[in-house]
Amino acid sequence: MSDSTSQTYSLEILAETTGVSTQLIVEYQEHGILPSQLDDDTVRALRRIEHLRVTCEMNLQGLKMLTQLLDEVEQLRQELRLRR
């Protein structure tokens, strides 16, 4: 999903941009919910994860499973678009 023009961020800038604590971002990374590369895609993913966590009151395991499924659905959609 990333392209060569994607902005990369420090942990502190990502936390400030999204309003999510650095500690929680690191925890998401440790659980494999967020990648180690902090770029524009990570900002979008982090906002989606926080929305799910707050609105659905999901724990880390649930967030990981749901984000993996959503990523898989997006990948399948892209593959379908290419076949048309």
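Start with Arg44 and Asp41. Their side chains meet in a salt bridge, with N to O at 2.3 Å. The term stands for a side-chain nitrogen of Lys or Arg within 4 Å of a carboxyl oxygen of Asp or Glu. Both residues lie in helix α3, three residues apart, about one turn of the helix. Helices here are DSSP runs of H or I with at least four residues, strands are E runs of at least two, and numbering starts at the N terminus.

Now colour the pair by accessibility. Arg44 is exposed, at a relative accessible area of 52%. Asp41 counts as buried, at 17%. The cut-offs are under 20% for buried and over 50% for exposed, with partly exposed in between (1.4 Å probe, protein chains only).

**Before going on**

This is a predicted model: local features need pLDDT of at least 70, side-chain atom pairs count only at pLDDT 80 or more, and totals for chains, interfaces and linings use all residues. Residues are numbered from 1 along each chain as its sequence is written, and side-chain values use heavy atoms, leaving out hydrogens and water.

Colour by pLDDT, the predictor's confidence in each residue, from 0 to 100. The protein chain averages 92, and 95% of the residues score at least 70. Confidence is lowest in α3, at a mean of 93, and highest in α2, at 96. Where pLDDT is low, the predicted coordinates should not be read in detail.

**The other salt bridges**

How many salt bridges does a search of the whole structure find? It finds four. Select Asp71 and Arg48 next. Their closest N and O atoms are 2.9 Å apart, in a salt bridge. This pair links distant parts of the chain: Asp71 sits in helix α4 (residues 60–83) and Arg48 in helix α3, 23 residues apart. Asp71 counts as partly exposed at 37% relative accessibility. Arg48 is also partly exposed, at 28%.

Move on to Arg81 and Glu74. These side chains form a salt bridge too, at 3.8 Å from N to O. Glu74 is partly exposed, with a relative accessible area of 24%. Side chains of opposite charge can pair when their charged atoms come close.

**Thr67**

Select Thr67, in helix α4. Is Thr67 buried or exposed? At 4% relative accessibility, Thr67 counts as buried. Set aside its neighbours within four places in sequence, and Thr67 is in contact with Ile33, Arg48 and Ile49. Contact means heavy atoms within 4.5 Å.

**α2 against α3**

Show helix α2 (residues 22–30) and helix α3 (residues 40–56). Their axes come within 12 Å and cross at roughly 95°. That makes α2 roughly perpendicular to α3. Axes are lines fitted to C-alpha atoms, for helices over the stretch in contact, and angles run from 0 to 180 degrees between N-to-C directions. Angles under 35 degrees count as roughly parallel, over 145 as roughly antiparallel, 65 to 115 as roughly perpendicular and the rest as oblique.

From α2 come Leu24, Ile25 and Tyr28; from α3, Leu46, Ile49, Glu50 and Arg53. By class, this contact has five nonpolar, no polar and two charged residues. Ala, Val, Leu, Ile, Met, Phe, Trp, Tyr, Cys and Pro count as nonpolar, Asp, Glu, Lys and Arg as charged, and the others, Gly among them, as polar.

**α1 against α2**

The axes of α1 and α2 come within 9 Å and cross at roughly 110°. This pair is roughly perpendicular as well. Leu11, Glu12, Leu14 and Ala15 of α1 meet Thr22, Ile25 and Val26 of α2. The classes here are five nonpolar, one polar and one charged.

**A loop and a leading segment**

Go to Glu57, in the loop between α3 and α4. Its phi is near 50°, a positive value in a residue other than glycine. Most residues other than glycine have a negative phi. Glu57 counts as exposed, at 70% relative accessibility.

Then pick Thr5, in the segment before α1 (11–18). Thr5 is exposed, at 65%. Draw a distance from Thr5 to Ser36: the C-alpha atoms are separated by 18 Å, with the residues 31 apart along the chain.

**Zoom out**

The protein chain has four helices and zero strands. The C-alpha trace spans about 45 × 30 × 20 Å along its principal axes. Buried residues make up 29% of the 84 residues. Among contacts with a separation of 6 or more, residues 24 or more positions apart account for 55%.
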